[in-house]
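Dear colleague,

I am passing on the structure we spoke about, and would be glad if you could look through it alongside the notes below.

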Amino acid sequence: MRTSPAIWRDPVLRPVVLASVTLGAAVGVFAVSFGVGAVSAGASVAQTCAMSLLVFTGASQFSAVSVIGAGGSPASALGGALVLAARNGVYGLTMGRRIPGRFGTRLVAAQITIDESTAMAVAQHDPAAQRAAFWITGGSVYVFWNLGTLLGALAGTAIDPIRFGLDAAFPAGFVAMLWPLLRTRRGRIAAGLGAAICLALIPFTAVGVPILCASLAVLVGIPADRSDDRPAERVVPA
Amino acid sequence: MSWGLVLALAGGAYAFKVLGFIVFGGRTLPPVVERCLALIPVALIAALVVKDTFSVGQHLQLDARAAGVGCAVLAAWRRAPLIVVIVVGAGVTAAVRALS
């Protein structure tokens, strides 16, 4: 493990450190809104902090809190949140190959395998930079996420989230996370379909169920890649 | 909010991470399964965006959030950093509420 001044002098790692800390700070702001939202949805300060420390995957935490806040059952809150948490397992399939170490180290690495650490790691070219980016980003996000949650939970009763538009901070943050995933045609179709399923079901199903059902949109991944689709597209012209 | 829910969510979320990273990490799944799993984030995050923008409980509702999130989409499209997108979304929503 390098010492921090060595990392700071390394021309490859310095931008990674800078980006990780910036990202961490942004996530911290997001975490403040999570803390405020969780407390106003009826969680205690201890429960709110325990969620960020132990669950540590933002979208699932927001989802659980928003389902409970809207009057949904714990089962539907848990179901939707776990479907969202499943993606970290998918990231693990990729990161498990790139982050070597002892069993204990890998148990810690698994906990910080989330959107940000995975995205930052896979963006690096050589394996050493990938490992550094994973640990620095995961660590920075963990610290800022938990500090922000604590601040938000403590301020929770003093801040009216509606007045400051914090209820819109959740979907706005998701928009920013969604954007890079829309680069592929298949990604755009899955996003459109997921959103459509969710909107269509909201008036007719229990809170939390629309999010679960939106996961059916991943079935657009069943056909083989686009290069293999081309003959079929010629047979059935648009 | 119950402690049972907090702990069940913590256990379940960590189980997925360990399952992917340690149990299956390095193994290859059938390509069709990998293609579908890779689409989980994009499908679910898009669903969360429309739910949090256009609904209150089981009711669809068009209000200040639509303006805020609309501006957040513009900010993301202009490649603004995460923090700017969040501040724009919350700020515009708060401003529209204050004015209406």
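Predicted model: local features only at pLDDT ≥ 70, side-chain atom pairs only at ≥ 80, totals over all residues.

Chain B as a whole

Chain B contains five helices and two strands, and, read from the N terminus, its elements follow the order α-α-α-β-β-α-α. Its radius of gyration is 19 Å, whereas a compact globule of 100 residues would have one near 13 Å; along the principal axes, the C-alpha atoms of the chain fill a box of roughly 55 × 40 × 25 Å. Of the 100 residues in chain B, 49% count as buried, and, among the contacts in this chain with a separation of 6 or more, 33% are between residues 24 or more positions apart.

The contact with chain A

The contact between the chains takes 65 residues from chain B and 87 residues from chain A. On the chain A side, at least two residues each are supplied by several helices, among them helix 2 (13-40), helix 5 (74-98), helix 9 (166-178) and helix 10 (185-201), with the largest share, 19 residues, coming from helix 5 of chain A. Sorted by class, the side of chain A that touches chain B has 62 nonpolar, 19 polar and six charged residues.

Two helices of chain B

Helix 3 of chain B, residues 40-54, has 15 residues and reaches 21 Å from its first C-alpha to its last, which is close to the 21 Å expected at 1.5 Å a residue. This helix is mostly covered, with 15 of its 15 residues buried.

Helix 4 of chain B, residues 64-77, also agrees with expectation, because its 14 residues should span 20 Å at 1.5 Å a residue and its end C-alpha atoms are 20 Å apart. Ten of these 14 residues are buried, so helix 4 of chain B is largely enclosed by the rest of the structure; the buried residues include B:Ala64, B:Arg65, B:Gly68, B:Val69, B:Cys71 and B:Val73. What do the buried residues of helix 4 of chain B pack against? Their partners come from both chains, namely helix 9 of chain A together with helix 3 and helix 5 (82-99) of chain B. After helix 4 of chain B comes B:Arg79, whose phi is positive, near 60 degrees.

With best regards

Terms used: Residues numbered from 1 in each chain as written. Chains lettered and ligands numbered in written order. Helix = DSSP H or I, 4+ residues; strand = E, 2+ residues; numbered from the N terminus. Rg over C-alpha atoms; globule rule 2.2 N^0.38 Å. Buried ≥ 20, exposed ≤ 12 C-beta atoms within 10 Å, placed from the backbone. Contact = placed C-beta atoms within 7 Å. Nonpolar A, V, L, I, M, F, W, Y, C, P; charged D, E, K, R; others polar. Expected span 1.5 Å × (residues − 1).
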